[in-house]
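Please look over the structure shown below before reading on.

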Amino acid sequence: ESQGRGMGTAAVREVIDLVFERTDAERVLGIVDPRNVRSIRLLERVGMRMVESRAGVFRDVPCIDHVYSISRKA
């Protein structure tokens with residue numbers, strides 16, 4: 001019922017803003033399963049870009065993770 005209304009996007013943007021406002025972090029990472037297209041679109045909507053793919057393990061099963069990143073604005 002709430003999908004497609006922008007609430008997830010707004011929440012992720014707010015969290016990223018809070019991290020940069022309240023910490024010295026230079027970037028925020030998002031790690032996602034490449035099959036999770038909706039999460040990938042959300043990360044891209046908030047300005048994150050894929051920086052790498054890496055092997056991982058989830059529940060003892062090998063998998064590939066995509067890593068997305070956004071940097072602090074100068």
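## What covers helix 2

The buried residues of helix 2 are covered by parts of the protein that include helix 1 (7-22), strand 1 (27-32) and strand 3. Here buried means under 20% relative accessible area, exposed means over 50%, and partly exposed lies in between, with a 1.4 Å probe and protein chains only. Helices (H or I, at least four residues) and strands (E, at least two) are DSSP runs numbered from the N terminus, and contact means heavy atoms within 4.5 Å.

This is a predicted model, in which local features need pLDDT of at least 70 and side-chain atom pairs count only at pLDDT 80 or more, whereas totals for chains, interfaces and linings use all residues. Residues are numbered from 1 along each chain as its sequence is written, and side-chain values use heavy atoms, with hydrogens and water left out.

- The buried residues in helix 2 (residues 37-45) are I40, L42 and L43.
- They cover an arc of only 160° around the axis, which puts them on the same side of helix 2; the arc is that of the directions from the helix axis to the C-beta atoms.
- An α-helix has 3.6 residues a turn, so residues three or four places apart point the same way.
- The exposed residues R38 and R41 are carried on the face of helix 2 that is turned away from its buried side.
- Just after helix 2 comes G47, which takes a positive phi of about 100°.

**Overall make-up**

- The secondary structure of the protein consists of two helices and three strands, and from the N terminus on these elements follow the order α-β-α-β-β.
- Taken along the principal axes, the box filled by the C-alpha atoms is roughly 35 × 35 × 20 Å.
- Of the 74 residues in the protein, 26% are buried.
- Among contacts between residues at least 6 apart in sequence, 51% join residues at least 24 apart.
- The accessible surface of the protein is about 5800 Å², and 51% of this belongs to carbon and sulfur atoms; accessible areas come from the Shrake-Rupley method with a 1.4 Å probe, and for residues only the protein chains shown count as cover.
- There are 13 positive and 11 negative side chains, with the centres of the two sets 5 Å apart. Lys and Arg count as positive and Asp and Glu as negative, while His and the chain ends are not counted, and the place of a charge is taken as NZ of Lys, CZ of Arg, CG of Asp or CD of Glu.

- H66 is placed in strand 3 (residues 61-71), and it counts as buried because its relative accessibility is 16%.
- The side chains of H66 and S53 are joined by a polar contact of 3.3 Å. A polar contact is a pair of N or O atoms within 3.5 Å; within protein, one must be able to donate a hydrogen and the other to accept it, and residues adjacent in sequence count only if both atoms are side-chain atoms.
- Not counting residues up to four places away in sequence, H66 touches G30, I31, V32, P34, M50, E52 and S53.
- D65 also has its place in strand 3, and, with residues up to four places away in sequence left out, D65 touches I31, V32, E52, S53, R54 and G56.
- From C-alpha to C-alpha, D65 and G47 are 19 Å apart in space, and in sequence they are 18 residues apart.

- I31 lies in strand 1 and is exposed, with a relative accessible area of 51%.
- Beyond four places away in sequence, the residues that I31 touches are R54, D65, H66 and V67.
- V19, in helix 1, is partly exposed, with a relative accessible area of 26%.
- V19 touches A25, V28 and R72, not counting residues up to four places away in sequence; the C-alpha atoms of V19 and R72 are separated by 9.4 Å, although these residues are 53 apart along the chain.

**The loop between strand 2 and strand 3**

- R59 is found in the loop between strand 2 (49-58) and strand 3, and its phi is near 50°, a positive value in a residue other than glycine.
- R59 counts as exposed, because its relative accessibility is 69%.
- D60 has its place in the loop between strand 2 and strand 3, and D60 has a positive phi of about 65° although it is not a glycine.
- D60 counts as exposed at 74% relative accessibility.
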